Amino acid sequence: ITYKSIADFYYKLKSEWPNGKAVRFIDKKSSAERAFLFKTIFKKTEDDADRFWIGQKLYTGDRAPMQSPSDQMTLQFVAAFKGAIGYVSSDMQIKNKDVKVIKAREEIP
């Protein structure tokens with residue numbers, strides 16, 4: 001998956017996987033992984049995103065992605081919702097067979 005696709009899913013610019021299945025982004029609040037995601041992939045601050053979603057709620061009614069408090073809950077949400085995508089710490093052991101691990105890659109300029 002590309003960094004751009006991750007951003008498109010988070011900001012709901014794309015709402016389906018290539019196979020047509022709906023995407024549900026699971027955002028892990030208050031985490032080092034979230035800070036990395038925003039700084040490295042989105043090139044925005046977490047406050048920028050929070051303001052974006054406040055605006056979306058006011059003007060379009062669209063809500064921010066569901067937030068998870070932990071790696072374990074993120075995995076549970078991803079397993080429970082078909083087409084869901086989330087992120088966890090790199091040392092997280094993923095043993096659930098309903099969760100597919102995908103790694104982000106940078107786009108080639």
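## A surface patch

A patch is made of residues with over 30% relative accessible area and no salt bridge, where like charges are joined within 9 Å and nonpolar side chains (Val, Leu, Ile, Met, Phe, Trp, Tyr) within 5 Å. A salt bridge is a side-chain nitrogen of Lys or Arg within 4 Å of a carboxyl oxygen of Asp or Glu. In this predicted model, local features need pLDDT of at least 70 and side-chain atom pairs count only at pLDDT 80 or more, while totals for chains, interfaces and linings use all residues. Residues are numbered from 1 along each chain as its sequence is written, and side-chain values use heavy atoms, without hydrogens and water.

I54, L58 and Y59 form a nonpolar patch on the surface, and together they have about 420 Å² of accessible area (Shrake-Rupley method, 1.4 Å probe; for residues, only the protein chains shown count as cover). Y59 belongs to helix 3, residues 46-59 (helices are DSSP runs of H or I with at least four residues, strands are E runs of at least two, numbered from the N terminus). Y59 is exposed, at 72% relative accessible area (exposed means over 50%, buried under 20%, partly exposed in between).

## Two nonpolar cores

A nonpolar core is a set of buried Ala, Val, Leu, Ile, Met, Phe, Trp, Tyr and Cys residues joined through side-chain atoms within 4.5 Å. The largest one has 16 residues, of which Y10, Y11, F25, L37, F38 and F42 touch the most other members. Helix 1 (3-10), helix 2 and helix 3 each give two or more residues to this core, and helix 1 provides the largest share, 5 residues.

A second, separate core has 8 residues, among them I26, L75, A84 and V88. In soluble globular proteins, nonpolar side chains tend to be buried together.

## A buried threonine

T74 sits in helix 4, residues 71-80, and counts as buried, with 1% relative accessibility. Its side chain reaches the backbone oxygen of S70 at 2.9 Å. Beyond its neighbours within four places in sequence, T74 is in contact (heavy atoms within 4.5 Å) with residues including I26 and V88.

## Positive phi in two loops

Most residues other than glycine have a negative phi. S30 has a positive phi, near 50°, and lies in the loop between strand 1 (24-28) and helix 2 (32-42). K43 also has a positive phi, near 55°; its place is the loop between helix 2 and helix 3. S30 is exposed at 72% relative accessible area, and K43 is exposed at 65%.

Definitions and conventions:
Buried means under 20% relative accessible area, exposed over 50%, partly exposed in between (1.4 Å probe, protein chains only). A polar contact is a pair of N or O atoms within 3.5 Å; within protein, one must be able to donate a hydrogen and the other to accept it, and residues adjacent in sequence count only if both atoms are side-chain atoms.
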